[in-house]
Every structure is written in structure tokens, then in C-alpha cells.
Amino acid sequence: MSAQDQPLIEARTIEKAFRATQALRGVSVAIGPGEVVAITGPSGSGKSTLLHCLAGILRPDSGEVRYAGRRIDTLDETERTLLRREHFGILFQFGGLVPELAAAENVALPLLLARHGREESMTAARSWLERLGVAECAGLRPGEMSAGQLQRVAVARALVTRPRVLFADEPTGALDTVSGEEVLALLLYAAREQGSTLVLVTHDNQIAAYADGEIFLRDGRAASEEGARSGVRP
Amino acid sequence: MYSCAVSTVHVLLGLLASRPRHGYELKREHDTRFPAAKPLPYGQVYATLGRLERDGLVLVDGTEQDSGPERTRYAITERGAHALGRWLAQVEEPAPYLGGTMQTKIVLALLTRRSAEPYLRAQREAHLTRMRELTARKSDPGAPMADVLAADYAILHLDADLRWMETTMNRLNDLRAEVGA
């Protein structure tokens with residue numbers, strides 16, 4: 001991100017502890033619109049905690065988190081839920097699909113929750129499933145699909161609302177190398193095509209190499225002042 | 001002035017940084033500290049010390065004599081310490097089989113009471129930048145499979161180096177204790 005760009009997501013010296021464990025120790029990051037940034041680092045370095053703070057799922061103990069210039073760490077639970085629903089897509093390692101619903105219904109769910117009509121939501125869901133190469137899974141429940149299919153459905157669900165920011169926590173963690181790369185390529189293609197910013201947590205360097213920049217965490221600290229200010233190198 | 005690869009020049013400067021030593025001591029110290037490297041021949045030690053003295057990076061600190069022949073003791077100069085610091089901070093061009101060079105830099109950094117972590121982080125960034133270039137090349141939809149396979153090979157080797165760097169970061173305290181810095 002160049003200095004004159006206004007960051008879309010910004011964290012300033014955030015700290016977060018879980019009981020006696022200090023997960024984040026004064027981390028600052030700035031991510032510009034349309035950037036693809038990988039949060040990397042060893043296990044327990046605070047990667048997921050940082051992602052959850054940036055996505056408004058967790059509130060930091062101190063410091064600030066801003067989205068499009070507006071502080072989100074001070075919003076209450078309801079306001080943050082609304083913000084996530086309207087602006088963010090969130091993708092987890094094991095998909096997090098609802099087991100009782102068919103794939104198309106899972107994908108349509110975020111639109112239905114945002115009060116779009118059922119027919120419109122289902123049409124959008126089917127079109128996303130087709131784009132991700134899993135149209136044949138539309139009527140299947142999560143228990144009837146392979147890991148690769150599940151993750152493609154989860155990608156479709158994260159993108160269906162055309163979020164400005166997509167947060168992904170180890171999105172390919174449950175897949176083998178080739179399937180993981182395929183899912184990631186689809187995710188990147190879709191995110192770039194619609195101009196979404198993508199922030200992904202990964203412990204896998206090969207996945208991190210798909211991103212434009214890296215925030216490397218170690219013991220709850222970002223790599224350096226330079227790395228802390230921006231996930232992206234010039 | 002000097003190439004960035006592991007060079008006897010910088011290894012000797014690193015070993016002289018803690019205190020003055022004579023040639024035999026430098027050879028012994030090198031062979032003990034870097035067991036994976038080839039033992040240093042005496043001739044190379046003395047030739048290198050001669051060059052270092054000529055270039056003003058070391059100077060003769062005195063002579064010693066016990067039961068054997070007289071030995072010249074060398075000390076690092078300020079210019080020498082500067083050249084060493086520059087080399088230790090310089091990242092390597094990401095390429096296969098850098099383990100020896102990286103390890104030497106880390107040991108010498110600790111031995112000269114520097115932190116090895118900034119070097120490791122900078123080297124990580126250089127490796128990842130190279131991995132991004134290769135990833136972009138293999139992700140090109142028009143890339144021939146032969147190029148994809150070649151990129152895969154290079155990426156996997158760089159990834160092995162990156163994992164080694166991460167493991168090493170976790171071992172720095174133990175290594176520091178072992179080198180006695």
C-alpha cells in the first residue's frame with residue numbers, strides 16, 4: 001500500500017489477552033482496498049486473533065481497529081454483527097457450513113439473513129456454485145461432499161454478498177496441496193474480479209506466496225515497524 | 001568489496017571480533033564452530049590474514065611464543081568490524097543450498113553479540129518475494145507444464161529454507177548459550 005492511499009482496514013497498537021496468555025502485543029497494520037495480504041507466523045503467534053480483531057469478531061483489550069476510517073472496536077455486538085453481514089465475508093478452515101442445509105441453501109443463507117428474497121438468493125447461490133465448479137453439489141448436504149467440494153461451497157458462501165473484505169482463516173488447511181491451490185486460485189480470482197480485499201491467515205508459506213504482501217507475526221508482534229505499518233512491501 | 005557468499009574473509013573477521021587471535025587458533029576455532037564446513041587449510045588462513053592486513057581490515061596485535069615457533073596475533077580494525085557488520089546484515093539471493101551461508105552468518109552474529117533475528121526476518125522477506133515471483137509465473141494460465149514443474153521445484157526448496165529459518169528463530173536462545181556469547 002502506498003503512503004497516500006487511505007487504508008481500508010487499520011489496526012493501531014492492538015493488544016489482546018486470553019486469561020494469562022498475551023496473544024497480541026501492540027500490533028499495527030494497514031491494509032489498502034483491493035489488497036491481498038497473508039497473516040503468517042508460527043502456531044500460537046496470534047494470527048487468528050489478529051484476523052478476528054480486524055474482522056470485528058473479537059474486541060481488542062486496547063488499541064484501535066478501523067474499517068473505512070470508522071472505529072469498529074468500540075461498536076457493540078449488534079452493530080458489529082451488522083457490519084460483518086453487510087461488508088465482510090468470512091471463511092474458516094472447515095467451511096462452517098450448516099449440516100442440515102443443502103449446498104445451495106448454505107450459500108444463499110447470508111443473502112436471506114440480509115433479507116433478500118428467497119428466489120433471488122437461491123439464483124445467486126446457484127450461479128456462485130457454478131462459478132466455483134461445484135454446480136453439481138447444489139442439492140447435496142455437507143455430509144455428502146468431499147473436503148475440496150465443501151471448501152468451494154464455503155468460498156461461494158463467503159463471496160455471495162460481494163463483500164468489500166473477505167477474511168479467511170486457513171482456508172486451505174484441510175485440503176491437500178493441489179486441491180488447496182485450486183481453491184485458493186478460485187478465491188483470489190473471485191476476490192480480485194470484484195475488487196474485494198482479501199486477508200488470509202495461513203501457516204503455509206506456499207499459500208502466503210499467492211498474496212501481495214505479508215504480515216509476519218511472532219509472539220504476538222508484527223515483523224518490524226515497516227511490516228507493522230503495511231502488510232505489503234513496495 | 002567482497003562477495004556475499006560464505007567467505008573465509010568474513011569468517012575470520014567474525015572470529016577476530018571477540019578478541020585477537022593467531023592463525024592456528026583461528027583455524028581451530030573455525031573447524032570447531034563450523035563442523036559442517038570443510039576444515040580450513042593453514043595456507044588459506046595465512047593468505048587471507050595477509051590480504052585482510054593489506055586492506056586495513058585487521059592489524060598485527062603482537063607476537064606470542066610458547067614452546068613452539070613464534071606466532072603473530074591479529075586484531076580486527078574498525079574498518080574490519082564495519083565490513084563484517086555489513087556482510088552479516090546483507091540478505092542472500094534466494095537460491096537452493098544456502099544453509100551453510102545462513103548458518104555461518106547466524107553463528108557469527110551471535111558470537112559478535114548481535115541479534116540474528118533482523119537478518120533472519122530480512123532473509124525471510126527476500127525468500128518470500130522470490131516465491132511470489134515463481135507463484136505468479138506458475139499461476140499464469142498459459143504457463144507450460146514444464147515451467148510449472150520447475151517453479152514447483154524451486155518453490156518447495158525455498159519453502160524448506162523458510163521452515164528452517166522459522167525453526168532457527170525458535171532455537172536462537174539455545175544457540176546463543178552454546179556459542180557462549
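Predicted model: local features only at pLDDT ≥ 70, side-chain atom pairs only at ≥ 80, totals over all residues.
Trainee: Let's start with chain B. In what order do the three strands of its open sheet lie?

Mentor: Look at the edges to begin with: β1 (21-22) and β2 (58-64) of chain B each pair on one side only. The pairing in this sheet is antiparallel. The order is therefore β1-β3-β2, with two strands counted as paired if DSSP finds at least two bridges between them.

Trainee: Which residue in β3(B) stands opposite H22(B)?

Mentor: Follow β1(B) across to β3 (residues 71-76) of chain B, its antiparallel partner over two bridges. There, the residue opposite H22(B) is R73(B).

Trainee: Which helix of chain B packs on the sheet?

Mentor: Look for one that touches β2 and β3 of chain B. Its direction makes about 125° with that of β2(B). The helix, spanning residues 42-54, is α3.

Trainee: Which element gives the most to the side of chain B that touches chain A?

Mentor: Good one! In this contact, 13 residues of chain B meet 13 residues of chain A. Both α6 (117-139) and α7 (145-179) of chain B supply at least two residues of that side. With eight residues, the one giving the most is α6(B).

Trainee: Over in chain A, are F88(A) and I90(A) of strand β6 buried or exposed?

Mentor: These two lie on one side of β6 (residues 88-91), with G89(A) and L91(A) on the other. Both faces of the strand are covered, and F88(A) and I90(A) are buried.

Definitions and conventions
Residues numbered from 1 in each chain as written. Chains lettered and ligands numbered in written order. Helix = DSSP H or I, 4+ residues; strand = E, 2+ residues; numbered from the N terminus. Contact = placed C-beta atoms within 7 Å. Axes fitted to C-alpha atoms, helices over the stretch in contact; angles between N-to-C directions. Buried ≥ 20, exposed ≤ 12 C-beta atoms within 10 Å, placed from the backbone.
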